[in-house]
Amino acid sequence: MPRLAACLLGACLAFSAAAQQPLALRHVHGLAYSADGTKLIVPSHDGLAVFERGHWSREPGPPHDYMGFSAGNGNFYASGHPAPGSGIANPFGLIRSRDGGRTWQSLGLQGESDFHLLAASGRARAVYVWNEELSSRMQRPGLHYTLDDGRAWRRVQAAGLEGEPRALAVHSDAPALVAVATPRGIFESVDSGSTFNRVAGAQGTAVFYDLDGKHLWYGVFDGEARLARARLRAGPMAWVQLPRLENDAVAYIAQNPASRSGYAIATFRRSIYVSADAGRSWSQIAERGTAR
């Protein structure tokens, strides 16, 4: 358990490529499918890595250092640090791409904010962030959200939330539904984060709202990695069979919007798996830092 806790606190996952060598995992800060479902996108410290038709490649676009990343409404939202020589203020605040990461538009807070936890609603315009530093638009740390692409932000109390947030998710169609994973469990809010109720008590590692609008997926660690799919508002839960994960846990979950039985998970120890049958079986496409 101490080894995993250290991994959860200190590990992040990303891709870098050396000449004549396959992509190698260093840090990963998110997981998302393209809007057409053909690409699995992995944001990293040096741009976006892409798994498409059984092969890994680099997505054309600036090699930014993406720290927070989320897909929503056909767009990508991100935070982090600009690529060297880009001329963009560091950190770059909140940015949005409407073309799969090739180009990005600033939504504010350039030179002020670097959001490591960021979640965008799939079809609504809501973006939630966990803010650790004060800025011109956020006068206190904590959970904030915007409904107008960053022009106005609202801070919420997050009453009932226990522990330091490690993962954040927002419902695709109902932006008032928010989930957070912390070392104290999985927590769910139905009022835009004003109050939270505990869904699971084990150490939380990942959260994701299913595109069916009815289920919350979450990862926990209670001596071993587990993945659950539960009805919203603390409804019935079923465990999803995971591949064998030794001293590891699920860090990110993504669903294919074009084929909703398709899912992907990334672990803290830099392994990535995909499923075409809603988690009944998994295929490994990256193993502990080595892309397959």
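Is Asp222 buried, partly exposed or exposed at 43% relative accessibility? In this predicted model, Asp222 counts as partly exposed. Its side chain meets that of Arg226 in a salt bridge, with N to O at 2.9 Å. Arg226 is partly exposed as well, at a relative accessible area of 27%.

Salt bridges number twelve in the model. One of them joins Asp149 and Arg125, at 3.0 Å from N to O. This pair links distant parts of the chain, 24 residues apart. Asp149 lies in the loop between strand 13 and strand 14, and Arg125 in the loop between strand 11 (117-120) and strand 12. Asp149 has 9% relative accessibility and is therefore buried, the cut-off being under 20%. Arg125 is partly exposed, at 41%.

A further salt bridge connects Arg184 and Glu162, whose closest N and O atoms are 3.2 Å apart. Arg184 is partly exposed, at 46%, and Glu162 counts as partly exposed, at 26%.

Strand 13 (residues 142-146) is mostly covered, with five of its five residues buried. Strand 12 (residues 127-131) pairs with strand 13 in the antiparallel sense over five bridges. Within this pairing, Thr146 of strand 13 is the bridge partner of Val127. Strand 13 also pairs with strand 14 (residues 154-155), again antiparallel, over two bridges. There, Arg154 of strand 14 is the bridge partner of Tyr145.

Methods: Residues numbered from 1 in each chain as written. Predicted model: local features only at pLDDT ≥ 70, side-chain atom pairs only at ≥ 80, totals over all residues. Heavy atoms only, no water. Buried < 20%, exposed > 50% of the residue type's maximum accessible area, 1.4 Å probe, protein only. Helix = DSSP H or I, 4+ residues; strand = E, 2+ residues; numbered from the N terminus. Pairing = 2+ DSSP bridges. Salt bridge = Lys/Arg side-chain N within 4 Å of Asp/Glu carboxyl O.
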